[in-house]
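Have the structure open as you read.

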Amino acid sequence: MRLVLLGAPGSGKGTQAKLLKEELNIPHISTGDLLRAAVAAGTELGKAAKVVMDKGQLVSDEIVLGMLKERLEQDDAKKGFILDGFPRNLVQADMLDKLLDEINMPAEHAVLIEVDPEEVVARIAKRAELEGRSDDTEEVVRDRIKVYENQTAPVVNHYKEHGILSEILGQGGIDQVQQRILAVLRF
Ligand code: AMP
């Protein structure tokens, strides 16, 4: 199964992807996690990325695509993957289509998790307490939501036009949302 998860910051993509990874036995590939790992490792790329991430802006398409390509080349991704956090804009969506076509592994499903904007802010405030991510402060979250609305939301249409988009409601319990996703993947 080759799946792209879409949704605003705080929509529950990461949480759902972690559960789906167990359920479907395919890797969860989060470009945010890959970038945070580079930041933690203190690489040059990580240092440059941190400045951008702490402002809630998008890291350059080429850098993120390069990281993603490397990750997709690992053996475990041959059986499929759950993409979380990529594509983040229309340029990345086109880059991803091209990359996946080249390796003969086009995306099969894109699932949009829809959540109320107010709920998003509340969820991220809770995550900030639990995880202490440096980009979960109220001000940066507001910018990340703006970036989502301006740059990432159009990606939804990209997948709609490709005929592989499903939209599910992200409100309710984690298990409930998981069941909704599994239902659209199975039928
Ligand atoms: P996330 O964990 O998906 O919320 O990502 C955290 C931050 O990493 C984002 O706010 C961006 O700064 C950066 N990031 C993650 N994925 C991408 C991407 N596909 N393109 C550009 N920047 C990204």
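α1 and α8 pack at an angle of about 55°, and their axes are 10 Å apart. The axes here are lines fitted to C-alpha atoms, for helices over the stretch in contact, with angles running from 0 to 180 degrees between N-to-C directions. That angle makes α1 oblique to α8; under 35 degrees counts as roughly parallel, over 145 as roughly antiparallel, 65 to 115 as roughly perpendicular, and the rest as oblique. The α1/α8 crossing is right-handed, meaning that the near helix is turned clockwise from the far one by less than a right angle.

A word on the model: it is predicted, so local features need pLDDT of at least 70 and side-chain atom pairs count only at pLDDT 80 or more, while totals for chains, interfaces and linings use all residues. Residues are numbered from 1 along each chain as its sequence is written, and side-chain values use heavy atoms, leaving out hydrogens and water. Helices (H or I, at least four residues) and strands (E, at least two) are DSSP runs, numbered from the N terminus.

Who touches whom? On the α1 side you'll find Thr15, Gln16, Leu19, Leu20, Glu23 and Leu24, which meet Ile174, Val177, Gln178, Ile181, Leu182, Leu185 and Arg186 of α8; contact means heavy atoms within 4.5 Å. Sorted by class, this contact has eight nonpolar, three polar and two charged residues. Ala, Val, Leu, Ile, Met, Phe, Trp, Tyr, Cys and Pro count as nonpolar, Asp, Glu, Lys and Arg as charged, and the others, Gly among them, as polar.

| Pair | Angle | Axes apart |
|---|---|---|
| α1 and α8 | about 55° | 10 Å |
| α5 and α7 | about 40° | 8 Å |
| α2 and α4 | about 100° | 10 Å |

For α2 and α4, the angle of about 100° makes α2 roughly perpendicular to α4. Thr31, Leu34, Leu35 and Ala38 of α2 make that contact with Val64, Met67, Leu68 and Arg71 of α4.

Most residues other than glycine have a negative phi, and most peptide bonds are trans. Asn25, in the loop between α1 and β2, has a positive phi of about 55° although it isn't a glycine. The peptide bond from Phe86 to Pro87 is cis, with omega near 5°, and Pro87 is in the loop between β3 and α5.

A pocket is an open set of points on a 1 Å grid over the protein atoms alone, where a 1.4 Å probe fits, with protein on both sides within 12 Å along at least five of seven lines; lining residues have an atom within 4 Å of a point. Grid points are joined across faces, edges and corners, and a volume is the space filled by probe spheres set on the points. α6 gives the largest share of this lining, seven residues. The second largest pocket holds about 210 Å³ of space, and its lining has eight nonpolar, one polar and two charged residues.
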